[in-house]
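This report goes through selected strands, helices and aromatic rings in turn. The sequence and structure are shown first.

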2 protein chains.
Amino acid sequence: MDPECCYLFKGLGAEKQSPIKSLVAEIPMRRDERIFTEGEEAATLYVIKEGAAELMTRDDEGFELPIAILRKAGDCFGVAALLPPRPYSLSARCVKEGALWTLPREALLEMMRADFELGCMMMTNLAGHFLDRLKESRQELRVHFRTLLRSTHT
Amino acid sequence: MDPECCYLFKGLGAEKQSPIKSLVAEIPMRRDERIFTEGEEAATLYVIKEGAAELMTRDDEGFELPIAILRKAGDCFGVAALLPPRPYSLSARCVKEGALWTLPREALLEMMRADFELGCMMMTNLAGHFLDRLKESRQELRVHFRTLLRSTHT
């Protein structure tokens, strides 16, 4: 895996990216396979090598609503692994078969403790990514709000 | 300001919190005063000492929709200051007069560069906070989605 493909590891430079590569394993991803479920212990960070994964969240009635589909090499999910003791905040399943790169939580956290500059850069990348998602989510709320206003006024 | 009151500085320990205190200035916050506007350069991080601030986002027609009201001592906003070159992602105005603690961006970033462990802990706190907001925002979308479904089926 080239760490530069994933937003978490961007801009670190070759020297800091090098220990990341040694943590990566590769596993197959089979169509319809569930990768993890919301609420489970976040033991692993996943990065797409090839194929596609859908992220979902469960509503009060247990129905799983789609949140996003990740299909680019380097797209990652399960980032709650970087924020213990938080469990996975979404569920993930394979929607197009391929392969995943996996990075175990404990080794990632140990690497960040051994090099806090690396840790600070990765967590800055993560916070920036979340802020962008938050802006998108607020934008969606605005659109729904407007649709709702229209549907109740017609 | 006791840094422990703000989620960004929680769990750092007295020694790491000490340089933060030296960055803090205090300014009054007057009713209806605009503190900053979405899109402006994020030069300052704000923490509520007393009073209340409303956060807002602008829709395509320039109308400002409320996102949240912060009213507890230690509630902070303008955290884009920690993620240059991002501008403020929301606007803020005073809705109950009081006082704000301010921390200048450059001094905060310099402090994190001088102590990457401190930086890593702060950015981890920030990412965790964003993940919690993201979950709330998704929850709101689910509620709107259901309301919308109901309103189009009745």
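Helices are DSSP runs of H or I with at least four residues, and strands are runs of E with at least two, both numbered from the N terminus. The model described here is predicted.

## Helix H3 and Ser137(A)

Ser137(A) lies in helix H3 of chain A, which covers residues 116-152. Is Ser137(A) buried or exposed? Its relative accessibility is 5%, so Ser137(A) counts as buried, the cut-off for buried being under 20%.

Leaving aside residues up to four places away in sequence, Ser137(A) is in contact with Leu134(B), Ser137(B), Arg138(B) and Leu141(B).

## Helix H2 of chain A

Helix H2 of chain A spans residues 105-114, and its buried residues are Arg105(A), Leu108(A), Leu109(A), Met111(A) and Met112(A). Viewed down the axis of H2(A), these buried residues fall within an arc of 155°, and therefore line one face of the helix.

## Strand E3 and its partners

Strand E3 of chain A, residues 44-58, is mostly covered, with 12 of its 15 residues buried. Which strands does E3(A) pair with? One is E6(A), residues 91-104, which runs antiparallel to E3(A) and is joined to it by 11 bridges. In this pairing Ile48(A) is opposite Leu100(A).

E3(A) is also joined by six bridges to strand E4 of chain A (residues 64-70), again antiparallel. Here Arg58(A) stands opposite Glu64(A). The hairpin of E3(A) and E4(A) has five residues between the strands, and Gly62(A) in this hairpin takes a positive phi near 85°. Two bridges link E3(A) to strand E5 of chain A (residues 76-77), also antiparallel, and Val47(A) has Cys76(A) as its bridge partner in E5(A).

## Aromatic pairs

Over all chains, the structure holds eight aromatic pairs. One of them is the stacked pair of Phe36(A) and Tyr88(A), with 3.6 Å from centre to centre and 10° between the planes. This pair links distant parts of the chain: Phe36(A) is in strand E2 (residues 34-36) of chain A and Tyr88(A) is in the loop between E5 and E6 of chain A, 52 residues apart. Phe36(A) is buried, at 4% relative accessible area, and Tyr88(A) counts as buried at 5%.

In chain B, the rings of Phe36(B) and Phe77(B) have centres 5.9 Å apart and planes at 35°, so this pair is tilted. Phe36(B) belongs to strand E2 (residues 34-36) and Phe77(B) to strand E5 (residues 76-77) of chain B, 41 residues apart. Phe36(B) is buried with a relative accessible area of 4%, and Phe77(B) is buried at 2%.

Back in chain A, Phe36(A), Tyr46(A), Phe77(A) and Tyr88(A) form one aromatic cluster.

Note on methods:
Residues numbered from 1 in each chain as written. Chains lettered and ligands numbered in written order. Predicted model: local features only at pLDDT ≥ 70, side-chain atom pairs only at ≥ 80, totals over all residues. Heavy atoms only, no water. Buried < 20%, exposed > 50% of the residue type's maximum accessible area, 1.4 Å probe, protein only. Contact = heavy atoms within 4.5 Å. Arc of directions from axis to C-beta. Pairing = 2+ DSSP bridges. Phe/Tyr/Trp six-rings, centres within 6.5 Å; stacked < 30°, edge-to-face > 60°.
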